[in-house]
Every structure is written in C-alpha cells, then in structure tokens.
Amino acid sequence: MALIHIALVGGQPAPIYNSITALKPDYVVFIYSKESKWVFENVAKEIDIPFDGSIELDPNDSKSAEITLKCAKGLAEKYSQDTIIVDISGGLKSWSHIFGITFNGLPNSTVVYIDQNNVLWDYNKMSGTKLDLELDMLTHFRLYGNSIENNYKRFKDYTDSDNDALTKIEEIRKFNYKDFNKLLTVLSKPNNNSLRYNKFDKFILEDTNLDVEWEKTTPEKDGFVRICLYKKGEIKEVQMESPNVVDLAFNSGWFEYKVAKLFSSLDYAKEIYLNCKFPYRKDIDKNEVDIIINTGDKILFVECKTQITTPTDIDKFRSVIKTYGGMGSKGIFVTDSPMNDIIKKKCEEHEISTFSLSDSHLGLSPEKALDFLLRPRLSNINIK
C-alpha cells in the first residue's frame, strides 16, 4: 500500500512544496491548469519523489465541473487500495470543493490544507498541526522562478573592519550631510557607471575641493575609500579599508548594513542576505532588494531608505514582495528619518510594516522595539 499525495496546484508553489516535503508520500499527483503549469514544473524539480499521472484541467471549459468531478472520482478509484492525501492548499476553489466532497469520508483518504504559518489542517480530524520545516530561502526563490544564486551577500560574511568603516562613514556624514549626499549618495550617471564597471576612481564635487577616492576589493587586498569634506572652515577626512567598504560608502550601503545589524539581534533572524538581485521580470520594474531575512517560517523583505520621498516607492516594494516571495512573505520599510502619516497609512494598506530609527520607541532600545513590532506580525495571515 503506497501513500499517494494529490496536490491541487494554483499560483503559490511554497505551500504545495512544504506539504509534500513534510508528509513524504511515495507518489505525487499534480492537478494543474495551463496557467499554473509553471508551478507544477518548479515544484517537481525540487522534490525527490516520483509524480504519477499528473493531470491538466481547463477551468474555462464549459463542462469544467463535470470533468473535474470525473477526474476526482477516477483518482479515488485508481488508488482505492492505497492511502490518499488530498492537499487543497492550491488550485481553484471549485477544485477544492469537488475534490473535498469526493474524498472526504473515504476510509483511505485525508483532505488537508496548509496555511501561511505552515500549520497543516487535517479535515478528517478537524485539527491543525504546526509543521517542523526548515525554510531554505534559495529553494523558496527557485520555486517562484526567481533564483538569486550568487547574487547576494551574506550578513555573516561582513567583518570587524566593515563595522569600523560603518562608524567612520556615519561620522563624516553627520559632519556634512548635504555634501556627503552629493558626493556619495546621489551619483551622476557617469559616476554610477564608473562605480559599476571600474576598479578604482576619484569623484570630485563640482566647483569644490571635496572628493572621494575609492578602490574595489580584490583577492589580494581589501577595498579602500577616502572621503574628504569641508564645512565652515574645517576639513574632515577619513580613510577606510575593508572587504565591503566601497558598497558601504556609496548609495546608502552603510544604512542597509546598519539595518541588517539591527535585525541580526532578533532570535528569529536565521539568515540575512544583503544586496539581493533577482532576474528581471517584465511585470515589475525593480529587481533589487536591500535585505532579505529567513525568519524560520517566512521570508521577510526589508527596504531601507534614509527617507521615503514618494508613495510609489511603497507600490514598487509591494510588487517585489508578492512577485519574488509569494503570498506568505512579509515586508517592512525601515527609514533613518521620521515617516509622515500618509506614508505610514499607505504601507498599512499594503500590509507592510514601518520602522524609523528616529522614533523614540516609547523608551525601548531599537532592537527591542523592532522585535515588539515584528514578532506578532510575522504570524499574521496575509489577506492579499
């Protein structure tokens, strides 16, 4: 007698994959549509379990309900001598209904559903069990067709010299915010191209003696950055060497690393990736994510900005979360400056949390305040 797993396939690969991984069947039967075929194929690539007689159904067929019922009854008869699990986590609601009424009550079958918190609901017993699953972020992204292999940096690979560089960068930024931003944050197109393609260069602020000189890390030596700023007759210069110093100095990379350090204090931050780059998708105009965190059950996307200037930043971030992470993923905007009420309201509408390092946090440390905010929200079910 074999354990047969019948999976109804919709647009979300993660629950289907998690259910199969947890229940370890002998064979899997995927029920999918033309639109969800990519989900079936991506899940099939990631499991080391044979899939037997998978079936494509057309939900637009005028006889769709009749065909689906015939399919369900055929599978019930085919596997009448086996133990059957029917997972209704994915697929159309009509499929869930038809497969549910067909298999519910059969002595050899169990109808199950897995939610966004990896609770497996057994509708024979009418109870749920928290699955002990270890989330693998790279697998998760492959399931959604969004591999980031070799296109991220691990937080644990940053060094003490990177920490020292962060301190120096923050100090000279405070010395002269305006010129620091002109020189290192809001780069001209030529400077951006140089930073992307060259190994070293020197940028000079127009009509001034202010400059930044940089050299990227090589296998032989750490990177180098020298920043020179001027304010009210005083010149301040810092020099830094570290593996990631060029990324930290330019384009607010220092702030992203500072935020990652804050999240690293949370016990549920199992893995932290920075500077994540996804394959471009035609339906989304952003393929970079500042920070992605494995919280054990879910993936948390973190967008870091010294300040949010336009509400469209929120729309773009929401698209990133759903496109690259799936329905169960979470998102949070972290800013250096205070957020206005309009921005907070729009984030709330999109189920995106907000956190500003400038807030008082009711006297709590930033680490405790962030934990107080996030811990309950990570277990909430996203409704859209």
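**Aromatic contacts and an open sheet**

F278 counts as buried, at 3% relative accessibility; buried means under 20% relative accessible area, exposed over 50%, and partly exposed in between, with a 1.4 Å probe and protein chains only. The model is predicted, so local features need pLDDT of at least 70 and side-chain atom pairs count only at pLDDT 80 or more, whereas totals for chains, interfaces and linings use all residues. Residues are numbered from 1 along each chain as its sequence is written, and side-chain values use heavy atoms, with hydrogens and water left out.

F278 and Y324 form a stacked aromatic pair, with 4.2 Å centre to centre and 5° between the planes. Rings of Phe, Tyr and Trp (its six-membered ring) are taken to pair if their centres lie within 6.5 Å; planes under 30 degrees apart count as stacked, over 60 as edge-to-face and the rest as tilted. F278 lies in the loop between β13 and β14 and Y324 in helix α11 (residues 312–325), so the pair ties together parts that are 46 residues apart in sequence. Helices (H or I, at least four residues) and strands (E, at least two) are DSSP runs, numbered from the N terminus. Y324 is buried, as is F278.

Across the whole structure, a search finds 16 aromatic pairs. One of them joins F141 and F278 edge-to-face, at 5.0 Å centre to centre and with 75° between the planes. This pair links distant parts of the chain, 137 residues apart: F141 belongs to helix α5 (residues 137–143), and F278 to the loop between β13 (271–277) and β14 (288–294). F141 is buried, with a relative accessible area of 0%. Elsewhere, F30, Y32, F40 and F51 form one aromatic cluster.

The sheet is considered next. Four strands form an open sheet with antiparallel pairing, in the order β9-β10-β11-β12; two strands pair if DSSP finds at least two bridges between them. β9 (200–204) and β12 (234–242) are the edge strands, each pairing on one side only. Within the sheet, strands β10 (residues 211–215) and β11 (residues 223–231) pair in the antiparallel sense over five bridges. V212 stands opposite I227 in β11.

Two helices lie across these strands. Helix α6 (residues 160–175) lies across β11 and β12, running at about 160° to β12. Helix α8 (residues 189–197) lies across β9 and β10, at about 160° to β9. Contact means heavy atoms within 4.5 Å; axes are lines fitted to C-alpha atoms, for helices over the stretch in contact, and angles run from 0 to 180 degrees between N-to-C directions.
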